[in-house]
Amino acid sequence: HPQQEPWGGHTRLFKQIKGFGVFSIDGKKAYPETDEYSRTMLLIGGSNDSRSDSNAYVVDIFRVIGGNDHVYSFHGPPGIITTSGLKPEIQKTGTYAGEQIPKGIWAKDFPVGYSHLYNVRRDQNPPEQFIVDWEAETGYRGITEEDNIHLRMHALTQLQDIALADGDPPQNKPGNPGKLGYLLMHRSATDLNSAFVSIFEPYKNKPFIKSVRRLDDGKGSEVAIQVEMTDGSIDYILYNKDSQKEVDLAIGISMNGEVGYIKEKNSRVIKGILVNGSALRYGNMNLRSAGTITGKILKMNKELAGGGWMLVDNRLPTDGSLNGEQIIVETDTERDASYTIRSVERENGLTKVYCGPISFIRDFKGGTMEVRTFKVPKNYNLGYLYDFEEGARFRITSHKTWAQKVK
């Protein structure tokens with residue numbers, strides 16, 4: 001059924017360095033009946049230079065716990081869709097809502113939107129791993145025939161069934177294509193625990209990923225993936241929500257932490273990245289780190305003026321090493337409390353974190369009302385509501401890198 005319409009999600013993890021980025025977002029308020037509704041994504045490769053044409057790919061881990069019917073829906077650019085590993089059979093009539101349900105009909109006996117997906121092709125027994133490739137059509141957003149741009153999706157999830165279908169985006173928006181090709185991955189069971197794991201590979205002319213495989217058994221909270229490139233190098237990606245539990249793979253990789261990345265070339269590790277962890281080990285690499293930085297907010301600026309500053313109980317470094325990092329504050333309110341650190345300094349024996357010309361105020365106590373299309377407080381004397389409160393815990397995502405020159 002449709003999700004709720006909350007103000008937004010909550011940042012649980014954010015880190016961006018050259019050639020590597022990761023975030024994790026809690027979106028449970030979209031489906032409050034679930035035990036978990038979260039998404040973790042990694043961007044691996046590429047360059048911070050927008051002029052660079054180097055390859056990069058995305059790892060997508062979408063976890064849903066609770067309920068009995070989960071559908072992961074994704075569409076690529078308009079154009080021709082091809083698959084590898086699937087045996088989709090054409091559904092001669094109807095829509096994704098059913099063979100007897102025509103396009104566009106609304107009813108209460110099937111989920112909203114299913115009848116707007118047509119030209120359905122189904123595989124009722126898909127393998128645990130398959131590939132879907134979208135070839136972007138000429139003319140879409142300036143694409144020419146010579147560009148030959150594709151988006152490949154490597155799906156790594158055990159499913160009950162999958163479907164390919166067409167859907168029409170709104171035609172009142174300039175530039176929208178006439179139709180888009182959708183992939184719908186379906187799981188059903190009692191008290192479902194789904195981790196939809198996918199890799200997205202955009203490429204021109206030829207793919208740069210040779211093969212992908214899951215290294216975990218899919219039963220725990222951890223995800224481990226091996227990505228072999230066409231140049232012979234191999235990437236390993238590890239995600240472990242339960243960062244207190246060690247990940248130990250049969251191939252010799254072990255990690256104490258939340259996120260790990262390893263690049264191997266010619267049977268030797270040449271790069272390693274550990275996020276929010278204490279150890280990442282494989283072959284000739286033994287990477288150690290102090291782990292996540294945590295603490296408590298002792299005092300904060302509660303006024304509209306003066307910027308977003310807070311005093312914390314942890315003696316954080318003042319050498320500028322935390323500038324640009326995210327400080328994530330625990331909050332139960334509808335708004336996120338994740339801020340970019342601009343500076344760290346000492347003040348009266350405590351550590352002061354400054355997050356720029358912002359305010360932690362989210363509303364007035366007593367609420368607001370519309371007056372000639374402007375929102376004004378119902379009562380100016382009741383005070384403010386804040387994104388978080390003094391005494392809240394905070395964390396700053398840590399990372400450690402390791403590299404060896406390739407001879």
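The following dialogue examines a predicted model of one chain and the reasons behind the terms applied to it.

Trainee: What makes the radius of gyration of the chain agree with that of a compact globule?

Mentor: A compact globule of 407 residues would have a radius of gyration near 22 Å, and the chain has 24 Å, so the value agrees with the rule. Along its principal axes, the C-alpha trace spans about 75 × 70 × 45 Å.

Trainee: How many helices and strands are there in the chain?

Mentor: The chain holds zero helices and 32 strands. As for burial, 45% of the 407 residues count as buried. Among contacts with a separation of 6 or more, 59% join residues 24 or more positions apart.

Trainee: Why is Glu325 called buried?

Mentor: Buried means under 20% relative accessible area. Glu325 has 15% relative accessibility, and therefore counts as buried. Glu325 lies in the loop between strand E22 (309–312) and strand E23 (326–329).

Trainee: What makes the pairing of the side chains of Glu325 and Lys15 a polar contact?

Mentor: A polar contact requires a pair of N or O atoms within 3.5 Å, one able to donate a hydrogen and the other to accept it. The side chains of Glu325 and Lys15 make such a contact at 2.7 Å. Leaving aside neighbours within four places in sequence, the residues in contact with Glu325 include Lys15, Tyr339, Ile396 and His399.

Trainee: How do you know whether His150 is buried or exposed?

Mentor: The limit for buried is under 20%. His150 has a relative accessible area of 12%, so His150 is buried. His150 belongs to strand E10 (residues 149–155).

Trainee: Which side chain makes a polar contact with the side chain of His150?

Mentor: The partner is the side chain of Asp133, at 2.8 Å, a value that falls within the 3.5 Å limit. Beyond its neighbours within four places in sequence, His150 is in contact with several residues, among them Trp134, Glu201 and Tyr203.

Trainee: How is empty space located in a structure?

Mentor: A probe the size of a water molecule is rolled over the atoms, and this shows where empty space is left. In this model, the largest pocket has a volume of about 1200 Å³. Of the 39 residues that line it, the closest to its centre are His1, Tyr31, Val71, Ser73 and Tyr114.

Trainee: Which strand gives the most to the lining of the largest pocket?

Mentor: Strand E5 gives the most, with six residues. Strands E3, E4, E5 and E12 each supply at least two residues of this lining. The lining residues divide into 20 nonpolar, 14 polar and five charged.

How values were computed
Residues are numbered from 1 along each chain as its sequence is written. This is a predicted model: local features need pLDDT of at least 70, side-chain atom pairs count only at pLDDT 80 or more; totals for chains, interfaces and linings use all residues. Side-chain values use heavy atoms; hydrogens and water are left out. On a 1 Å grid over the protein atoms alone, a cavity is a set of points where a 1.4 Å probe fits but cannot get out, and a pocket is an open set with protein on both sides within 12 Å along at least five of seven lines; lining residues have an atom within 4 Å of a point. Grid points are joined across faces, edges and corners, and a volume is the space filled by probe spheres set on the points. Helices (H or I, at least four residues) and strands (E, at least two) are DSSP runs, numbered from the N terminus. Ala, Val, Leu, Ile, Met, Phe, Trp, Tyr, Cys and Pro count as nonpolar, Asp, Glu, Lys and Arg as charged, and the others, Gly among them, as polar. Buried means under 20% relative accessible area, exposed over 50%, partly exposed in between (1.4 Å probe, protein chains only). Contact means heavy atoms within 4.5 Å. The radius of gyration is taken over C-alpha atoms; the globule rule is 2.2 Å times the number of residues to the power 0.38.
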